[in-house]
Amino acid sequence: MSRFPSPSHSRQHHGRIFTTVFLGLLFCQVGVCGWVGWSDGNAIFSLATSRGTLFCGSRDSSIHVYGNSEWRPERDQAHTDAAADNGEEPETIHGSVREGWMKRATLTGHSGRVEALLIVDDNLLSGSSDGTIRVWEAEGAHRCRQISEAHGDAVSGLALWQEGARVLSASLDGRVKVWKLDGKLEPDGELPLRPPSASTDESSLGGSDAPMPRARSLCVFKGAGGRTKAAVGCLDSNVWVWDLEGRVLEGILCGHLKPVTCLAARLGMLYSGSVDGTVRGWESDTLECEQVLEGFDATAVYSLAVLSRSSDNAPGGGGPDLLLAGSKGEVVAWSVPEGEEVRRLMHTAMVEEVDSSSGDEQGLPGIGAIVCGTREEGPSANGDLDEEASIYTGADDGVVRQWSPASWACKWTFSL
């Protein structure tokens, strides 16, 4: 089976281009600028964590930096247990507190919302809707080291390739660029927008000079065979996949009915979340869709993360890996590869105010970002978690929550 759309499929697919473009433009104006209509300037679009520091990319063009240097597990658990016994939620933190998360800095300079964050060694990279990528000190004074006029439209995704040596960026301008990172970013070409085979029907790909549809998400992952690949989710509802070792386009994955907003990967599987309210699991080598996860009642999926619990030192004695998907007001956790729902985390108290009889969820903020990491070391290369591991979720209402993957308790809640 071809990994690219056939001409007949392309004609059928192009038959809904007007609708897709309309939805894509609507998504850009409404979904990107405020997932579900929230107007608060502190809506969270991206998160990154490393060495006890949490970086929050916001709609207000800033990166809000929080530190947790005084965090004590026994005090935190007692706080959570006491709140649960009283039927309350953990303390909401505004600014600085005696213990827990404290505001360290606000990094300014971007002129558009901060849609992507990536930590590489001692560098923090930020991608913005202003089309630039900035390189900051990840520690210390957080000074801006470099400003790169990277793209002609919003930078919607950043991903690490070749451990500290190269970085990928995806943009709404339809380009995926490669960068060398050695103290500063240096251009190293782009990923090709056509497959290497001359026999491939150009009509199915829009011609040799046609740009890729507007990119909304980016993910670098390992195939089952060990080869490194990149995937980009687009507003045309498809996912483009490259073999990075050869820098060749492998295929275009069709199946979603609306824009693909987020991507995540686990060894052997690539997961894509969409505005159509589904998560699809694709086999990383054959690129065949093997799983369709639902459960959002047609509510869009805005963020994805994979949580590994299979190691010996994982909390709670280990267990199946989890796929975390953020939607309106909640995060759903599935066991993978089984695809069984394990838990629902209620991110916002507004969930309790929803009229379940009418199904009206328009008032709920979208969970725009999910990241998993440890207090001391940040996310590990293989995603394994230790006793101090946490799940962080950020939403359109400017609220960040820290969750324990062992007990599923909400450890801390704070607002930007």
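How many aromatic pairs does a search of the whole structure find? Two, and one of them gets its own point below.

Some ground rules before the notes. This is a predicted model, in which local features need pLDDT of at least 70 and side-chain atom pairs count only at pLDDT 80 or more, while totals for chains, interfaces and linings use all residues. Residues are numbered from 1 along each chain as its sequence is written, and side-chain values use heavy atoms, with hydrogens and water left out.

1. **Overall make-up.** The protein chain has three helices and 29 strands; these are DSSP runs numbered from the N terminus, with helices being H or I of at least four residues and strands being E of at least two. Of its 416 residues, 58% are buried. Here buried means under 20% relative accessible area, exposed means over 50%, and partly exposed is in between (1.4 Å probe, protein chains only). The accessible surface is about 16,700 Å², and carbon and sulfur atoms own 47% of that (Shrake-Rupley method, 1.4 Å probe; for residues, only the protein chains shown count as cover). If you take the contacts with a separation of 6 or more, 51% come from residues 24 or more positions apart; contact means heavy atoms within 4.5 Å.

2. **The aromatic pair.** Rings of Phe, Tyr and Trp (its six-membered ring) pair if their centres lie within 6.5 Å; planes under 30 degrees apart are stacked, over 60 edge-to-face, and the rest tilted. Tyrosine 66 and phenylalanine 414 have ring centres 4.4 Å apart and planes at 40 degrees, so this pair is tilted. Tyrosine 66 sits in strand S3 (residues 63–67) and phenylalanine 414 in strand S29 (residues 410–415), so to speak 348 residues apart, and the pair links distant parts of the chain. Tyrosine 66 is buried at 1% relative accessibility, and phenylalanine 414 is buried with a relative accessible area of 1%.

3. **Lysine 411.** Strand S29 also holds lysine 411. Is this lysine buried or exposed? Buried, at 7% relative accessibility. The lysine 411 side chain makes a polar contact with the side chain of serine 390, at 3.2 Å. A polar contact is a pair of N or O atoms within 3.5 Å; within protein, one must be able to donate a hydrogen and the other to accept it, and residues adjacent in sequence count only if both atoms are side-chain atoms.

4. **The nonpolar cores.** A nonpolar core is a set of buried Ala, Val, Leu, Ile, Met, Phe, Trp, Tyr and Cys residues joined through side-chain atoms within 4.5 Å. The largest has 18 residues, and Leu168, Leu191, Val232, Trp240 and Trp242 touch the most other members. Elements giving two or more residues to this core include strand S10 (155–161), strand S11 (166–171) and strand S14 (215–222). S15 gives the largest share, three residues. A second, separate core has 15 residues, among them Ala305, Leu324, Val331 and Ile370.

5. **Arginine 166.** This arginine lies in strand S11. Its side chain makes a polar contact with the side chain of aspartate 188, at 2.6 Å. Leaving out residues up to four places away in sequence, arginine 166 touches residues including Trp161, Trp179, Asp188 and Arg247.

6. Six of the eight residues of S14 are buried, so the strand is largely enclosed by the rest of the structure. S14 pairs with S15 in the antiparallel sense over seven bridges (strands pair if DSSP finds at least two bridges between them). Lysine 222 has threonine 228 in S15 as its bridge partner. The hairpin leaves five residues between the strands, and glycine 226 in the turn has a positive phi of about 95 degrees.

7. Seven of the seven residues of strand S1 (residues 44–50) are buried, so S1 is largely enclosed by the rest of the structure. S1 and strand S2 (residues 53–58) pair in the antiparallel sense over six bridges, with leucine 54 in S2 as the bridge partner of threonine 49. Two residues lie between the strands, and arginine 51 takes a positive phi near 50 degrees.

8. **Valine 279.** This one is in strand S20 (residues 279–283) and is buried, with a relative accessible area of 0%. Valine 279 touches Gln291, Leu304 and Trp334, among others beyond four places away in sequence.
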